[in-house]
Amino acid sequence: MAISPQIFPPRKRRPSMESFISPKLNDLNLLHSLLHLTTQISSINPSTTLFLLKRNAIAVVRKAKLLAVLFEDLIRNSDTALASSSSSSSFLLCLEETYIVLHRIKTLIEDCSNGSKFFFLMQIETVADNFHKLTGELSTLLDIFPVHDLDLNDDVQELVILIRKHCSQSKSVIEDSETELRNEVVSVLERIKNEIVPDQSRLASIFERLQIRDSSSCRAEIESLEDEIQNRSDENSKSEIVALIGLVRYAKCVLFGASTTAAASSAVEAQRRKQPSELVVPADFRCPISLELMRDPVVVATGQTYDRESIKLWMDSGHNTCPKTGQTMAHTELIPNRALRNMIALWCREQKIPFDAETVTGRPSSRVTNKAALEATRMTALFLVNKLKVPVTNSQSMEDSNGVVYELRFLAKTDSDSRACIAEAGAIPLLVRYLSFDVGVHSPSLQVNAVTTILNLSILEANKTRIMETDGALNGVAEVLRSGATWEAKANAAATVFSLSGVPAYRKRLGRKTRVVNGLVQLARCGPEGPRRDALAAILSLAADRESVAKLVEGGAVEMAVEVMAAVPEEAATVLEAVIKRGGLVAVAAAYNGIKRLGAVLREGSERARESAAATLVTMCRKGGSEVVGELAAIPGVERVIWEIMAVGSVRGRRKAATLLRILRRWAAGLDGGEIEGFSTTTMTSATTTVVVPTSNSIAQ
């Protein structure tokens, strides 16, 4: 039985000596596998699939075609040929090694055909040497091939001798035009590094010779180069690839123009399909801050787990408290949660979600910088921003603007240097123009791209200040939040509020804006799951400021959290805990009708949701008095649920459950009257029962 090609899945890395293992099959099955493999190589047409080193690839393919004839003859005469072999073990070993070499040849050709063209060009000597080495290995195997021990006819024996001769005389061939093209690219990169804008006609000639002729080809080339970065461990190699990415991005905008609306929309949709947002991510795999899938989970001093990027942003903003518990952190050391990271990685593999986790040490890899890449990014940003300065007068110009804004959105997503270059070029005031209600009506995708670009820019700390100080920026984000044309636009507006609120001073400003608060509350109440989570994350961030909490309570955040608790119990309970903790009696009164729902979360919620529900109920009982405690006590089986949390809950959950149980028991002891936890009760006793009736003073002041 022939080996299926699925045994060796498509590879992005260059083949190496250790890339493949010997297949353990008997002679006949191995011969069938070799025939199948040589047939696959023979079907490749380097003249159409390769643009460089065609002569090297064509020579290898010809040898594979000749070998196919040999394997066909061996299979056809297997009974006599194999039986006549006096050294079957050495013969089998030779076949196994031949299989490995042929498979490496096939992989090399496929990598050259499907990989990055620029990377292929810059590594042309290395790739040519790989062709030569593999041909040399094939020649060595043919030298020890037991031709005379096998019952082969004269023609086939002569064929083997011919192949052996061709392999031994093989040379590495690089055309002068290929070397010239590589030197041309190096020259352009050097000019960009020296801040000299490359000549457009020269750039066009390079891309034409590389057969990159439109925006989609450029996008594919950028993706291939990004794949190559993942395959490199050497920082110098990564730096060179980053420079090539910068060059392709610049040329894409200058030579082929910004993406059309259809292309931009399809690219955004394709990118969205790669994200796990449409899947139901297990609650324990979500970061309590961003509510997104954690890529690098770390444990802080309080024992809570967060995604490294989110908690680091929180601490860099000046916070010394745990976002979830509110406790002051004894230290700022972040301890990698390797067990959880491995579980997340396993889940992502099962769901076919890319998981770009950091190294097992938990340390994020350093960002690769390159002078040529930085200058190319600056040129690209300036080119795009200058195109946006043209006034929008009609639908056609609006469509053109949409393509430019999409390119900025894509660029702003890449790295900090890109975000800095875009903002320095003056993009933010121009983007604000596209946040209006009218733009949303006439071009929803333009509004989405504009608000998403601002969101991506806000990731950089320096850009937060630029956005907050830009006239109309906050009002524009609030406008999209309240009346955006699509749910995606509203969700990204909410995410922008969350990002900006990472700075305490800006959190205060955002929390004082009624339109922002009302927009977040309305989105959390009525939006689909993804936008709802974004809104709840922003509300949770605003709730860290006591002044903002008053606005949140006034805007109905408490009632909203109670309403959505059945749909998103963990997020709703966390928001409710944060708001009630700083919201006083008004917040407690607003949440009074949600006590039974909190009880349901205690019974059925995730560990984190139960923890937040218990903490919320403790705060409500302490501030709200006997009416609140009585409402909680009236929930059937509540004590049993609390006992369960005390037994199997988290450390904080057990502590809060114990406090809650203590409050309930002291309240029960107050059946005979007296002061309980700062509130008073009166009792009515009948012959059979004792009933506690809250007095008018039962709400603690």
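Visitor: Why does Lys464 count as buried?

Guide: Lys464 has a relative accessibility of 0%, and buried means under 20% relative accessible area, exposed over 50% and partly exposed in between, taken with a 1.4 Å probe on protein chains only, so Lys464 counts as buried. The model is a predicted one, in which local features need pLDDT of at least 70 and side-chain atom pairs count only at pLDDT 80 or more, while totals for chains, interfaces and linings use all residues. Residues are numbered from 1 along each chain as its sequence is written, and side-chain values use heavy atoms, with hydrogens and water left out.

Visitor: What makes Cys94 buried?

Guide: Cys94, which lies in helix α5 (residues 88-114), has a relative accessible area of 3% and is therefore buried. Its C-alpha atom is 6.5 Å from that of Leu141, a residue 47 positions away along the chain, and Leu141 is itself one of the buried residues of α7.

Visitor: How do you know that the length of helix α7 agrees with its number of residues?

Guide: The expected span is 1.5 Å times one less than the number of residues, and for the 20 residues of α7 (residues 124-143) this should come to 28 Å, while the end C-alpha atoms are 29 Å apart, which agrees.

Visitor: What caps the N-terminal end of α16?

Guide: Asn370 caps that end, with a side-chain oxygen 2.9 Å from the backbone nitrogen of Ala372, and Ala372 is among the buried residues of the helix, which also include Glu375, Met379 and Leu388.

Visitor: Why does Phe383 count as partly exposed?

Guide: Phe383, which is found in helix α16, has a relative accessibility of 27%, and therefore counts as partly exposed. Between Phe383 and Tyr250 the C-alpha to C-alpha distance is 8.6 Å, although the two are 133 residues apart in sequence.

Visitor: What makes α21 roughly parallel to α24?

Guide: Helix α21 (residues 444-458) and α24 pack at an angle of about 20°, with their axes 9 Å apart. Angles under 35 degrees count as roughly parallel, over 145 as roughly antiparallel, 65 to 115 as roughly perpendicular and the rest as oblique, so α21 is roughly parallel to α24.

Visitor: Why is α24 called oblique to α26?

Guide: The axes of helix α24 (residues 487-500) and helix α26 (residues 514-526) cross at roughly 130° and come within 11 Å. That angle makes α24 oblique to α26.

Visitor: What makes α23 roughly parallel to α26?

Guide: The axes of helix α23 (residues 473-483) and α26 cross at roughly 25° and come within 8 Å. An angle of that value makes α23 roughly parallel to α26.

Visitor: Why does Glu195 count as exposed, and where does Glu195 lie?

Guide: Glu195 has a relative accessibility of 53%, and therefore counts as exposed; Glu195 lies in the loop between α9 (176-193) and α10 (200-209). Although Glu195 is not a glycine, its phi is positive, at about 65°.

Visitor: Why does Leu53 count as buried?

Guide: Leu53 has a relative accessibility of 1%, and therefore counts as buried. Leu53 is found in the loop between α2 (46-49) and α3 (54-76), and its phi, near 55°, is a positive value in a residue other than glycine.

Visitor: How do you know that β1 and β3 pair?

Guide: Two strands pair if DSSP finds at least two bridges between them, and strand β1 (residues 297-299) and β3 pair in the antiparallel sense over two bridges. Val299 stands opposite Ile335 in β3. The open sheet of three strands has the order β2-β1-β3, and its edge strands are β2 (305-307) and β3 (335-336), each of which pairs on one side only.

Technical notes
Helix = DSSP H or I, 4+ residues; strand = E, 2+ residues; numbered from the N terminus. Polar contact = N/O pair within 3.5 Å; in protein donor to acceptor, adjacent residues only side chain to side chain. Axes fitted to C-alpha atoms, helices over the stretch in contact; angles between N-to-C directions.
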